[in-house]
Amino acid sequence: MKFDLHVHTILSSCSQLTLEQILNNAQAKGLDGVCITDHDTMAATDLIKEGMQENGLCVLIGMEYATQGVDFLLFGPFEKLPVGLPTEAVLATVQAAGGVAIAAHPCRPGRSTDISLLEKGLCRIIEGTNGRNTPQANQAIASWPEHYQVGLVGGSDAHTLDELGQVPTQFTVPVQSRADLVRALREGEYKTVVCA
């Protein structure tokens with residue numbers, strides 16, 4: 001199954017993408033699923049029933065959570081997670097809840113992932129390709145799995161319809177729920193970034 005793990009809707013002030021546009025266009029862009037990851041909120045759960053939609057598209061809700069200098073895509077039971085927690089506290093909370101934290105755009109200037117988090121094993125998955133990064137920032141990540149125990153996923157970081165589905169991740173098992181997604185990510189049931 002091909003998922004875009006990093007998609008923003010108009011619930012993020014920086015995005016122009018509506019849920020309706022996502023539902024009506026994701027499959028035409030080759031996607032089986034989309035993860036809504038608005039900034040510091042999972043409010044999309046109030047607007048759409050999570051899981052398989054009538055048209056066969058799987059829509060799951062996570063969030064892009066901002067800590068000081070580092071952003072993470074969080075998947076799990078985090079609807080009530082307070083904003084502004086320190087990085088290591090967020091990662092400890094995610095681990096304790098059995099969720100997943102993915103370091104978003106790890107080499108983006110000003111929002112780069114602290115390498116010590118990888119060295120300590122606190123973050124096990126990173127965005128190997130982010131659709132809004134420069135090619136140089138994405139390329140800088142390519143060798144990280146040789147040095148750290150991390151898996152690479154892709155995310156479009158879509159804010160517009162044109163960006164949706166540009167950097168999907170291929171799962172090797174069926175994903176039809178948030179629990180399926182978390183399990184697949186934790187168990188490494190995905191292939192390296194598949195570029196559209």
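## Basis of the description

Local features require a pLDDT of at least 70 and side-chain atom pairs a pLDDT of 80 or more, while totals for chains, interfaces and linings use all residues of the predicted model. Residues are numbered from 1 along each chain as its sequence is written, and side-chain values use heavy atoms, with hydrogens and water left out.

Helices (H or I, at least four residues) and strands (E, at least two) are DSSP runs, numbered from the N terminus.

## The open sheet

Five strands, in the order E3-E4-E2-E1-E10, make up an open sheet with mixed pairing. Two strands are taken as paired if DSSP finds at least two bridges between them.

E3 and E4 (residues 58-61) run antiparallel and are joined by two bridges. Within this pair, Met-52 has Cys-58 of E4 as its bridge partner.

## The E5–E6 hairpin

Strands E5 (residues 63-66) and E6 (residues 71-75) are antiparallel, with four bridges between them. Glu-64 is partnered by Leu-73 in E6. Four residues separate the strands of this hairpin, in which Gly-69 adopts a positive phi near 90°.

## Helix H2 and its cover

Helix H2 spans residues 87-96, and its buried residues are Thr-87, Val-90, Leu-91 and Val-94; buried denotes under 20% relative accessible area, exposed over 50%, and partly exposed in between (1.4 Å probe, protein chains only). Viewed down the axis of H2, these residues fall within an arc of 95° and therefore line one face of the helix, the arc being that of the directions from the helix axis to the C-beta atoms.

The elements covering the buried residues of H2 include E5, E6, strand E7 (100-103) and helix H3 (115-119). Just after H2, Gly-98 has a positive phi of about 75°.

## Asp-4

Asp-4 belongs to strand E1 (residues 2-7). Asp-4 is buried but forms no salt bridge, and Lys-29, the nearest side chain of opposite charge, lies 8.7 Å away. Lys and Arg are counted as positive and Asp and Glu as negative, whereas His and the chain ends are not counted.

The side chain of Asp-4 makes a polar contact of 2.8 Å with that of Ser-156. A polar contact is a pair of N or O atoms within 3.5 Å; within protein, one must be able to donate a hydrogen and the other to accept it, and residues adjacent in sequence count only if both atoms are side-chain atoms. Beyond its neighbours within four places in sequence, Asp-4 is in contact (heavy atoms within 4.5 Å) with residues including Leu-31, Val-34, Cys-35, Glu-163 and Pro-168.

## Salt bridges

The model contains seven salt bridges, each defined as a side-chain nitrogen of Lys or Arg within 4 Å of a carboxyl oxygen of Asp or Glu. Arg-178 pairs with Glu-50, the closest N and O atoms being 2.7 Å apart. This pair links helix H6 (residues 178-186), which holds Arg-178, to the loop between E2 (33-36) and E3, which holds Glu-50, 128 residues apart. Arg-178 is buried at 14% relative accessibility, and Glu-50 is partly exposed at 26%.

Asp-71 and Arg-111 form a salt bridge of 2.5 Å, N to O. Asp-71 is in E6 and Arg-111 in the loop between E7 and H3, so the pair ties together parts 40 residues apart in sequence. Asp-71 is buried, with a relative accessible area of 7%, whereas Arg-111 is partly exposed, at 25%.
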